Amino acid sequence: MHSANTTSHTKPGHTALSVLVGNTPVLYVGEPFAPEGRGFWAKLEGFNPGGIKDRPGLYMVERARARGDLAPGARIVESTSGTLGLGLALAGMVYGHPVTLVTDPGLETSMTRLLTAYGAQVNTVSEPHPTGGWQQARRDRVTQLMRQHPGSWCPDQYNNPDNTTAYTPLALELATELGHIDVLVCSVGTGGHSAGVSRVLKQLYPGLTLVGVDTVGSTIFGQPARPRLMRGLGSSIYPRNVAYDSFSEVHWVAPAEAVWACRRLAASHYATGGWSVGAVALVAGWLARTLPEDTRIAAIFPDGPQRYLGTVYDDDYCAAHGLLDRPPASEPEVIGRLDEKEVTRWSRCERVVDPLTLTRNAREDAREDAREDAREDDR
């Protein structure tokens with residue numbers, strides 16, 4: 001991990017905490033996701049104390065302090081669905097900053113308790129934003145809290161380029177551990193780790209293919225916003241850290257499909273995680289089955305299973321949401337363009353563009369149609 005800032009403003013003895021982050025192991029995942037002799041390498045980011053977002057949590061704070069954007073002892077305020085909150089709680093401890101995390105009722109009780117135990121204040125919004133959902137409601141609350149705490153700082157993980165750069169060490173670890181990589185599979189939420197890791201790996205391996213994994217009901221890749229059961233991937237806004245030009249294809253995965261993959265991973269490899277891990281494993285396994293046998297596939301598993309014991313690994317919860325006994329199809333449905341249809345099951349698209357471009361193009365097409373209609377009327 002990036003070296004910790006050891007100025008006098010850092011709490012004595014706490015800088016050593018940052019050495020807990022990084023140098024996570026890789027695990028080869030084969031059967032039952034791929035036939036014998038085929039598989040993919042999983043980077044187990046759940047071996048960080050709080051998961052993958054310990055990396056940007058520490059790095060964004062470190063860089064903000066270095067620039068003077070975050071004054072010694074000033075409050076950090078951010079919106080989170082959980083994992084970044086753990087990283088920011090760690091960074092607050094390392095650098096001596098109080099931390100306020102804004103979340104919503106979907107955050108697991110265990111996570112709220114853990115964040116509080118780590119010294120963070122947890123602030124929960126009660127109603128979703130009418131168009132931007134829970135995510136926008138959280139961001140609005142962040143703005144309100146920052147007005148209440150003059151001098152406070154928000155990392156703005158969705159748009160902060162430091163969120164992307166923070167993953168350079170992860171990319172270099174992968175390169176060292178695997179020697180060569182042909183395909184990288186990443187879940188996409190803020191867009192930070194897919195952009196940051198692929199940027200470095202494409203410099204090392206120019207032919208690298210980046211495959212994105214999203215959840216149904218997420219707007220990131222041009223689908224309509226819908227209530228989402230899965231947390232940690234997906235979005236109801238358009239994060240500007242998403243490197244749309246870098247993706248060769250995107251897959252959307254439904255909750256039942258992710259649960260199946262999580263549980264199969266646990267039963268076969270003793271290494272699993274949450275929604276993102278299940279979704280990524282499903283896609284990486286399919287790639288391992290369908291690409292040439294010598295293709296070297298790396299998949300990033302962002303966290304471990306602990307925070308999902310009451311959801312993904314709870315039979316009652318899964319039964320209540322219709323998530324059990326529904327194994328995924330052996331391959332994804334294919335759509336030709338991102339907004340061709342609303343996807344409700346595992347689906348894939350090989351034409352990835354910024355969805356805001358799709359929206360602008362649709363407006364321009366509508367204006368051109370209107371002009372054509374006017375010309376017809378004139379005739």
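**Names and the values behind them**

Modeller: Start at Y270, which is found in the loop between α8 and α9. Helices (H or I, at least four residues) and strands (E, at least two) are DSSP runs, numbered from the N terminus. The model is predicted, so local features need pLDDT of at least 70 and side-chain atom pairs count only at pLDDT 80 or more, while totals for chains, interfaces and linings use all residues. Residues are numbered from 1 along each chain as its sequence is written, and side-chain values use heavy atoms, with hydrogens and water left out.

Colleague: What makes Y270 worth a mention?

Modeller: The phi of Y270 is near 55°, a positive value in a residue other than glycine. Most residues other than glycine have a negative phi, and most peptide bonds are trans.

Colleague: Which peptide bond is cis?

Modeller: The bond from E31 to P32, with omega near 5°. P32 has its place in the loop between β1 and β2.

Colleague: Why are α8 and α9 called roughly perpendicular?

Modeller: The two helices pack at an angle of about 85°, with their axes 7 Å apart. Axes are lines fitted to C-alpha atoms, for helices over the stretch in contact, and angles run from 0 to 180 degrees between N-to-C directions. Angles under 35 degrees count as roughly parallel, over 145 as roughly antiparallel, 65 to 115 as roughly perpendicular and the rest as oblique. With about 85°, α8 and α9 are therefore roughly perpendicular to each other.

Colleague: Which residues of α8 and α9 meet?

Modeller: On the α8 side they are P255, E257, A258, V259, W260, A261, C262 and L265, and on the α9 side W275, V277, G278, A279, A281 and L282. Contact means heavy atoms within 4.5 Å. By class, this contact has 12 nonpolar, 1 polar and 1 charged residues. Here Ala, Val, Leu, Ile, Met, Phe, Trp, Tyr, Cys and Pro count as nonpolar, Asp, Glu, Lys and Arg as charged, and the others, Gly among them, as polar.

Colleague: What makes the rings of F33 and W260 an edge-to-face pair?

Modeller: Rings of Phe, Tyr and Trp (its six-membered ring) pair if their centres lie within 6.5 Å; planes under 30 degrees apart count as stacked, over 60 as edge-to-face and the rest as tilted. By this rule the model has 6 aromatic pairs. In the one formed by F33 and W260, the centres are 6.1 Å apart and the planes stand at 70°, so the pair is edge-to-face. It links distant parts of the chain: F33 is in the loop between β1 and β2, W260 in α8, 227 residues apart.

Colleague: Why are α6 and α7 called oblique?

Modeller: The axes of α6 (residues 168–178) and α7 (residues 192–204) come within 8 Å and cross at roughly 45°. That angle falls among the rest, so α6 and α7 are oblique to each other. The crossing is right-handed: a crossing is left-handed if the near helix is turned anticlockwise from the far one by less than a right angle, and right-handed if clockwise. The contact takes in T168, L170, A171, L172, L174 and A175 of α6 and V197, V200, L201 and L204 of α7. It has 9 nonpolar, 1 polar and no charged residues.

Colleague: How do you know that α1 is oblique to α2?

Modeller: Their angle is about 45°, with the axes 7 Å apart, and that makes α1 oblique to α2. This crossing is right-handed. The residues in contact divide into 11 nonpolar, 2 polar and 3 charged.

Colleague: Why do β3 and β5 count as edges?

Modeller: Three strands, paired in parallel, form an open sheet in the order β3-β4-β5. β3 and β5 each have a single partner strand, so one side of each is left without a neighbour in the sheet. Neighbouring strands of this sheet are turned by 20° against each other on average, direction ignored.

Colleague: How do you know that β3 and β4 pair?

Modeller: Two strands pair if DSSP finds at least two bridges between them, and β3 and β4 pair in the parallel sense over 4 bridges. The bridge partner of S79 is V102 in β4. Helix α2 lies across β3 and β4, at about 170° to β4.

Colleague: What is the order of the sheet of 8 strands?

Modeller: β1-β2-β9-β6-β7-β8-β11-β10, an open sheet with mixed pairing. Within it, β6 and β7 pair in the parallel sense over 5 bridges, and L184 stands opposite L210 in β7.
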